[in-house]
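Got a structure open and wondering where all the labels come from? Let's go through some of them together, one question at a time.

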Amino acid sequence: AKDWFPPPGGFRFAFVTLPPNTAPTPEDLDVAGALVEFNEKLPGLAEVMEPDNPGMHTTDTVDVVLIVSGQATLDLGDGAEVTLEAGDCVVQHGTRHAWRNLTSQPCTMASAIFGALRTA
């Protein structure tokens, strides 16, 4: 399987929907099965996630993200948080970050991810 994050010169486009942070975990969730499916569908994503800070990650990519609907909070890891709403766009290059949906409604984002090399 190819990695979710493209190599330098590579490209990936995806729509991502973040559920509200208050969405309950299904009582019948098969955690082991969900992790297998996660790794099959998004290979390499788990490896960049920080185990002690859920959602926080850093990748060798340039990300162009457009909020299509809803609202998301971009946690930049240094204490800075940016709230983005439908129509807002952000560009990042190897930025340590996490996406959080602190609202009661889903948030859909369009993401163009370009493989790159971090210099810092």
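What follows is a set of questions and answers about a predicted model.

Q: Why is serine 111 called buried?
A: The cut-off for buried is under 20% relative accessible area. Serine 111 comes in at 8%, so it counts as buried. You'll find serine 111 in strand β7.

Q: What makes residues count as touching serine 111, and which ones are they?
A: Two residues are in contact when they have heavy atoms within 4.5 Å of each other. Leaving out residues up to four places away in sequence, serine 111 touches Arg12, Phe13, Ala14, Val16, Val64 and Val65.

Q: How do you know whether threonine 108 is buried or exposed?
A: Check its value against the cut-offs: under 20% is buried, over 50% is exposed. Threonine 108 has a relative accessible area of 19%, so it is buried. Threonine 108 also sits in β7, and the residues it touches, not counting those up to four places away in sequence, are Phe15, Val16, Thr17, Leu66, Ile67, Val68 and Ser69.

Q: Why does alanine 116 count as buried?
A: Its relative accessibility is 15%, and buried means under 20%, so alanine 116 gets that label. Alanine 116 is in the segment after β7. Setting aside neighbours within four places in sequence, its contacts are Pro8, Asp60, Thr61, Val62 and His93.

Q: How far apart are the C-alpha atoms of alanine 116 and leucine 35?
A: They are separated by 27 Å, and the two residues lie 81 residues apart along the chain.

Q: What makes β2 and β7 a pair?
A: Two strands pair if there are at least two bridges between them. β2 and β7 are joined by eight bridges, so by that rule they pair, and they run antiparallel. Within this pairing, isoleucine 67 stands opposite methionine 109 in β7.

Q: How do you know that β2 pairs with β5?
A: The rule asks for at least two bridges, and five bridges join β2 to β5 (residues 89-93), so these antiparallel strands qualify. Here valine 62 stands opposite histidine 93 in β5.

Q: What holds strands of a sheet together in general?
A: Strands pair through backbone hydrogen bonds, either parallel or antiparallel.

Q: Which strands make up the open sheet of three strands, and in what order?
A: The order is β4-β3-β6, with antiparallel pairing. β4 (81-85) and β6 are called edge strands because each pairs on one side only. On average, neighbouring strands of this sheet are turned by 25 degrees against each other, direction ignored.

Q: How many bridges join β3 to β4, and how many join β3 to β6?
A: Five bridges join β3 to β4, and three join β3 (residues 71-75) to β6. Aspartate 75 stands opposite glutamate 81 in β4 and opposite alanine 98 in β6. Leucine 74 has tryptophan 99 as its bridge partner in β6.

Q: What lies between β3 and β4 in their hairpin?
A: There are five residues between the two strands, and glycine 77 in that turn has a positive phi of about 80 degrees.

Q: Why is β3 described as largely enclosed?
A: Four of its five residues are buried, so the rest of the structure largely encloses β3.

Q: What is the volume of the largest pocket, and which residues are closest to its centre?
A: The volume is about 1100 Å³. Of the 33 lining residues, the closest to the centre are Val16, Leu18, Phe38, Leu45 and Met49.

Q: Which elements supply the lining of the largest pocket, and what classes of residue does it have?
A: β1 (11-18), α1 (31-41), β2 (61-69), β6 (98-100) and β7 (107-115) each give at least two residues. The largest share, six residues, comes from α1. By class, the lining has 22 nonpolar, six polar and five charged residues.

Methods: Residues are numbered from 1 along each chain as its sequence is written. This is a predicted model: local features need pLDDT of at least 70, side-chain atom pairs count only at pLDDT 80 or more; totals for chains, interfaces and linings use all residues. Side-chain values use heavy atoms; hydrogens and water are left out. On a 1 Å grid over the protein atoms alone, a cavity is a set of points where a 1.4 Å probe fits but cannot get out, and a pocket is an open set with protein on both sides within 12 Å along at least five of seven lines; lining residues have an atom within 4 Å of a point. Grid points are joined across faces, edges and corners, and a volume is the space filled by probe spheres set on the points. Ala, Val, Leu, Ile, Met, Phe, Trp, Tyr, Cys and Pro count as nonpolar, Asp, Glu, Lys and Arg as charged, and the others, Gly among them, as polar. Buried means under 20% relative accessible area, exposed over 50%, partly exposed in between (1.4 Å probe, protein chains only). Axes are lines fitted to C-alpha atoms, for helices over the stretch in contact, and angles run from 0 to 180 degrees between N-to-C directions.
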